[in-house]
Amino acid sequence: MATSQILMCFVILLFSLCVDTTSERTEGRALLKWKNTLSNIHVLHSWSIVNLDNICWNWTGISCNNVGDVYKIKLVNFSLSGTLESFDFISFPNLTHFSLHNNSFTGSIPYAIANLSQLNFLDLSLNRFVNFIPPEIGRLRNLQFLSLGFNNLDGIIPFQISHLRNLTSLSLSFNSLTGEIPESIFSSITNLQTFDCRGNLFHGPVPTSFIKLSKLKILDLRANNFYGSIPPTFGNLSSLTNLHLSSNMLQGNIPEALCNLHSLTTLYLFNNNFSGPIPQCLGNITSLRRLSLDSNEMHGNLYRTLCNFHSLETLYIYNSCLGNLVSHCLGNLTSLRRLSLHSNTNQVSIPDTLCNLHSLETLYLSFNSLTDPFPQCLGNITSLRYLSLSSNSVQGNIPVTLCNLRSLESLLLSFNNLGGSVPQCLGNISSLSSLTLGYNALQGKIPETLCTLHSLDVLDLYLNSLGGPIPQCLGNITSLKYLSLSSNMLQRSIPDALCNLHSLEVLDLTNNSLDGSIPQCFGKLRSLKTLLVSKNQLGGMLLPTPTLPSLISGIDTGLCSLSSLQFLDLSDNNLNGPLPLCLESFSRELKVINLARNQFQGTIPIVCNTKGNNLEYFNLNDNQLEGPLPRGLTNCSHLKLLDFGNNKLQDSFPYWLDTLPDLRVLVLRSNQFYGEICTSNNTLPFPKLHIFDISHNEFSGPLPRYYMENFEAMKQANDDEILSTYEASISLVWKGVELQVVHYNIWIALDLSNNNFHSQIPNSLGMLHLIQYLNLSHNQLIGYIPSSLENLTVLESLDLSSNKLVGEIPRQLPRSLTFLAVLNVSSNNLSGPIPRGLQFDTFSNDSYLENKALCGLPLMLQCHGKGEEEAPDVKDSEEHTTAGVQYPG
């Protein structure tokens, strides 16, 4: 090295050792002041006053230049929280790099950030910043990289960003930014290479000014509300490598100009309204690696274009109308790693050529019309990690060649016509985490070899014909979170070994032939959210006889320990004894309690003692419960369904339930409720109730006219939700037969039959326009059938039998009740001609028997003196007098 060079190095070293530390200490004090306002600062333990002279050497996330000025603050992935309000931006005049990526900072982005005049890199992404982007950010003229994504920013993009002429990367993704993207922004920032605004609320047409960004490589506009067509000028963006326009409202044809993008590697256009054919020239983009065109309205055949994509690694074209996509030439795309062609209903078979895709990791062919057995050679694609053929009509047995797929993590074959047994060798795929074989015709026993799958999260064998006992060894799969063995022919008792599955969240053993009792050790399943064991032959008490310690503490054991439980369904078994005292109160997360059709005895425990519970569905139908209803039910503010029918309950009408704002269904039938129905002072009683069944009790007095006039959900639709992730069912009597109705939200019914009501039928009943099922039979009702019933135009079943009704059947009814399938007015004192026409012509004489003065078809008694068409209109019972008898209004 020359002497002059050595001397120069010595001078530089000497200068660096003699640097004035004033600026270093100023910056250090500013950082300490900011640190004192933050949380989780243990990660910044090196920032201390005693270490103030070493800020450039060992302060976490701090870097200095040669003269001792802080030029980089990089606090990434530190879980820090706080704001930038106390950050003294003016103390860092030489800062060029500022990154707080992936923390929990809140508040606004301060205007003072404009004081970082030398900044060229700013990353505030993955935080919780709010409010708008400060316009002052446009003063950071040296900025090259700006990322504000994954925050809670709102407002519009400030036009001042156009002042950032050196900007090469701009990310605003996943905020709540709105408005149109200003065309003027891209007139000045012509060095931009990346623009990412996905996951916002932007709307309007796609800006045509993008054409000015000749250096643009990545354009991501997905998950917004852009509309209109793709500007053909996009074909001039010759540097573009990634184009993401998915999940918008774009329409029209895909312009052929895109075929000029010869550098394009990624093209995502899915989930829009594109129509027309796919340009064949797309096949000329030989650089394309990833292509997704699914969920559009395009048509035609794609297979000729596909055959040219020899470098393609990802192909997603599901939910489309693009002809026979699984063409033979797909086997030539040997670079393919991910292939999804699901929800294309015209697919009928899988060509053997797919087996040539030796690099394939993901193959989704679900929701098609595949019928042939799938090729045995699929077992040769040993790179496969995810294979889904679910929701087809695939026949034959599960090929044992699939057991060669030793890297397979997910095997989804549910909803097909597969038969035979579950292959024993599936237990050799040790990497398997999801195995769904439900809704097939599989037979035999559950192979114990599955118990060796120690990475299994999901095991779904629902709705097959599997028999024998539940293998004890399933308790060894401690990774299981979801286990469904429902709707099979499994026998014997539930093995206690299942209590070892401490990660289990869903256990569904519904509809088998299991006997014995519910294992008390289920209380160990503290992660359990769903327990469904209905429709079996389980017996015994739900909880054992309490021990002395549990009596002293007042806490039940077993299921009462399941503090995470949300869905509990033990219906349709032979369980007996008292209901547990902990019912509902042990889990504030509990949404469903279904213990219907068992043999439970005693009283209903006090439930919903406190507010804040989440109970929505409470069904104790068809047990042997007695006593009154617990008043604590008024605290169940989320309750949608309450079914206590077919018990021995004794109480007056629980008018206090009419304050429940979400109650849709109230069933109290076949109990021993008594007395007149008193109403509360609630001005909007039962605001969403659309099934009200209090039949087969001992109610007396007048019909509950106040309620009948205020059942708003029977007048106009206001039920916009049902229970999620659970098929809630209730018992309804339809055409004289008791049915289990799952989608109860579509039924509107009023059943007051088999009581001792003795008033007239009020005219206001005609206001319940949406009612489908009306039963007032077997009471002591008097007066006339109100003509206002003609307003019940969607009525399907009307039963007024076994009362003391008089007068004629209103002849308006046949013209308006066009959906009526069941009519019964027998055993009354009705008179006059039976109306004819439409549905009334289909009813047999059983509908009218034991009315001595009714005449006309279908009865044998003929009407004399005048025909049916000449019969006068029957006035409402409040004003009508006949044969000298006045009926009270």
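This is a tour of a predicted model, stop by stop, with what to select at each one. Local features need pLDDT of at least 70 and side-chain atom pairs count only at pLDDT 80 or more, while totals for chains, interfaces and linings use all residues. Residues are numbered from 1 along each chain as its sequence is written, and side-chain values use heavy atoms, with hydrogens and water left out.

**Whole chain**

Start with everything shown as a cartoon. The protein has 7 helices and 60 strands; these are DSSP runs numbered from the N terminus, helices being H or I of at least four residues and strands E of at least two. Of the 889 residues, 53% are buried, where buried means under 20% relative accessible area, exposed over 50%, and partly exposed in between (1.4 Å probe, protein chains only).

**Salt bridges around Arg198**

Select Asp196, Arg198, Asp220 and Arg222, which are linked in a network of salt bridges. A salt bridge here is a side-chain nitrogen of Lys or Arg within 4 Å of a carboxyl oxygen of Asp or Glu, and the structure holds 15 of them. Arg198 meets Asp196 at 2.9 Å, N to O, and Asp220 with the closest N and O atoms 3.5 Å apart. Arg198 is in the loop between strand 12 (194–196) and strand 13 (201–205), and Asp220 is in strand 14 (residues 218–220), 22 residues apart. Asp196 is buried at 8% relative accessible area, and Asp220 is buried at 2%.

**Ser246**

Next, select Ser246, in the loop between strand 16 (242–244) and strand 17 (249–252). Is Ser246 buried or exposed? Its relative accessible area is 1%, so Ser246 counts as buried. Leaving out residues up to four places away in sequence, Ser246 touches Arg222, Ala223, Tyr268, Leu269, Phe270, Asn271 and Asn272; contact means heavy atoms within 4.5 Å.

**Aromatic cluster**

Now select Phe653, Phe673, Phe686, Phe692, Phe699, Tyr706, Tyr707, Phe711 and Phe757, a cluster linked by ring pairs. Rings of Phe, Tyr and Trp (its six-membered ring) pair if their centres lie within 6.5 Å; planes under 30 degrees apart count as stacked, over 60 as edge-to-face and the rest as tilted. The count is 30 aromatic pairs. Phe686 and Phe711 make a tilted pair, 6.3 Å centre to centre with 50° between the planes. Both Phe686 and Phe711 are buried. Phe699 and Phe757 are stacked, at 6.4 Å and 10°. This pair links strand 47 (residues 698–701) to strand 51 (residues 756–757), with Phe699 and Phe757 58 residues apart.

Asp693 is in strand 46 and Arg669 in the loop between strand 44 (665–667) and strand 45, so the pair ties together parts 24 residues apart in sequence. Asp693 and Arg669 are both buried.

Finish with the open sheet of 4 strands, in the order 53-55-57-58 and with parallel pairing. Two strands pair if DSSP finds at least two bridges between them. Strand 53 (782–784) and strand 58 (853–855) are at the edges with a single partner strand each, so one side of each has no neighbour in the sheet. Inspect strand 55 (residues 804–807) and strand 57 (residues 829–833), joined by 2 bridges. Val806 stands opposite Asn829 in strand 57.
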